[in-house]
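Here are a few notes to read with the model open.

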Amino acid sequence: MNSSSPRSALVRAEVRVTGALASIFALRMFGLFMLLPVFAVYGAALPGATPFLIGMAVGAYGLMQALLQLPFGMLSDRVGRRPVILAGLLLFALGGVVAALAESIHGVILGRALQGAGAIAAVVMALVADVVSEDHRTRAMAGIGMSVGAAFLLALILGPALAAWLGLSGLFWLSTLLALGGMLVVLIWVPNPRLRVREPALPLGPRLRRILRDPMLWRLNTGIFILHAVLTAVFVVVPGLLADRVGLPLVRHSLLYLVVLVASVGVMIPLIIASERRGVRPVKMLAVGLLGVAMVLLALAQQQLWHFALALFVFFSAFNLLEALLPSMVGRAAPAGTRGTALGIYSSSQFLGVFAGGALGGLLWQSAGAAAVFWAAAVMVSAWLLLMRGMPVPVKSDSRVLVLGDAPAHPDVLAEHLLAVEGVLEAVVLPDAGLAVLKVDKTCLDLAALERICPGAAPAAG
């Protein structure tokens, strides 16, 4: 077995996997987001359409996502990540076909629900956590988050033009093609890792109880719920305020979002690097604090565009940073063999936050005014800060990389042998990359046994 350059080999594999998964997210989310700026107008022309049913067509996707993230994540713990990702993309593509062929609003609702049934966000994050070392995992999550943000902005800009050219049915056909493109990326570039953990897989009931009772995980799940509830509530209100108070035409909103998002990246990247070097907890608390500051700025904003721009800049800086930090912490805190299940619960909490934020934001705006939405969001963020007091930090385990040279003939058997070594907690074999990545307890790691299985074992990239 070749032991040369394990660090560079690992980095190359991580970059390839992260890029492939980010492109899958971007293709799929662009196909979803390009409907948002046009569906309220184009959907009204469908037979049987009412405002309520148009809202149902938009919300059906999120509801199915919230319901199925956990089952998909649990299934991926059993059968592997790649098959589940392929199945989810296929469901998304089939939903696009159903919606494209629909002759009424009810058919579109069915198609959107079928698209939402492809709930693979948790599985993709679990795969990132499987194959990317903890030293680089936050950056990988940030890269995927930025790809989603780029898809969102591009969809806001191109959606109206594409709708004028292709029509509503054409947009659904395009979303189907993008999902099929994502499946091609999975088949060509996404590995199918052989993951083995020292602890046997728990039955469903004990596994769920173990995750739901974990003090770290339930705090993280509550945090992502609050984060996305705040996001949705803010954007129920902000577009109308920009148009009514500031007089900014709707067609120019995308430019404002683009400017503040790009500027926020300049803040987010140094803080991500700081979290990897100095610890995630102080950076996370700073991000939650900034989120609260953004809510106060929005509550006090009047008619000045710069005031809204400043508030949105602070908001996106905090939001994007938390989007990168939270799933990385879940992947680290999840008990061995339950990462897909833990991230499934996490993603379900996220989509439930979207639903709750939309409902609460609309209700408060209608009954008490726009400022009440932002003050309520500030209260939620303050509660999140209180919840973080005394929150333990996930222990950062050590890892080792084994360069296998040629693809092993029996990767599952190799993973079992590696896992049998004293001190090896988790073993992931990437046969296509010729690598094995181990999660280890260095205090009791049997280096001699590891050397017998794979001569030249070396520390992971830092």
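1. Start with what lines the largest cavity: nine nonpolar residues, no polar ones and no charged ones. Keep in mind that this is a predicted model.

2. Which residues are they? The lining of the largest cavity is made up of Ala229, Val230, Ala233, Leu360, Leu364, Val373, Ala376, Ala377 and Met380. Its volume comes out at about 50 Å³. A search of the whole structure turns up four cavities of 30 Å³ or more.

3. Now for the helices around it. Helix 9 (215-246), helix 13 (339-368) and helix 14 (370-388) each put at least two residues into the lining of the largest cavity. Helix 14 gives the most, with four residues.

4. Where does helix 9 bend? Look at Phe235: the bend there is about 30°. A proline, Pro239, follows within four residues of that point.

5. Check both ends of helix 9 while you're there. At its start, a side-chain oxygen of Asp214 comes to within 2.9 Å of the backbone nitrogen of Met216. After helix 9 comes Gly247, with a positive phi near 80°.

Conventions. Residues are numbered from 1 along each chain as its sequence is written. This is a predicted model: local features need pLDDT of at least 70, side-chain atom pairs count only at pLDDT 80 or more; totals for chains, interfaces and linings use all residues. Side-chain values use heavy atoms; hydrogens and water are left out. On a 1 Å grid over the protein atoms alone, a cavity is a set of points where a 1.4 Å probe fits but cannot get out, and a pocket is an open set with protein on both sides within 12 Å along at least five of seven lines; lining residues have an atom within 4 Å of a point. Grid points are joined across faces, edges and corners, and a volume is the space filled by probe spheres set on the points. Ala, Val, Leu, Ile, Met, Phe, Trp, Tyr, Cys and Pro count as nonpolar, Asp, Glu, Lys and Arg as charged, and the others, Gly among them, as polar. The bend at a residue is the angle between axes fitted to the seven residues ending there and the seven starting there. A polar contact is a pair of N or O atoms within 3.5 Å; within protein, one must be able to donate a hydrogen and the other to accept it, and residues adjacent in sequence count only if both atoms are side-chain atoms.
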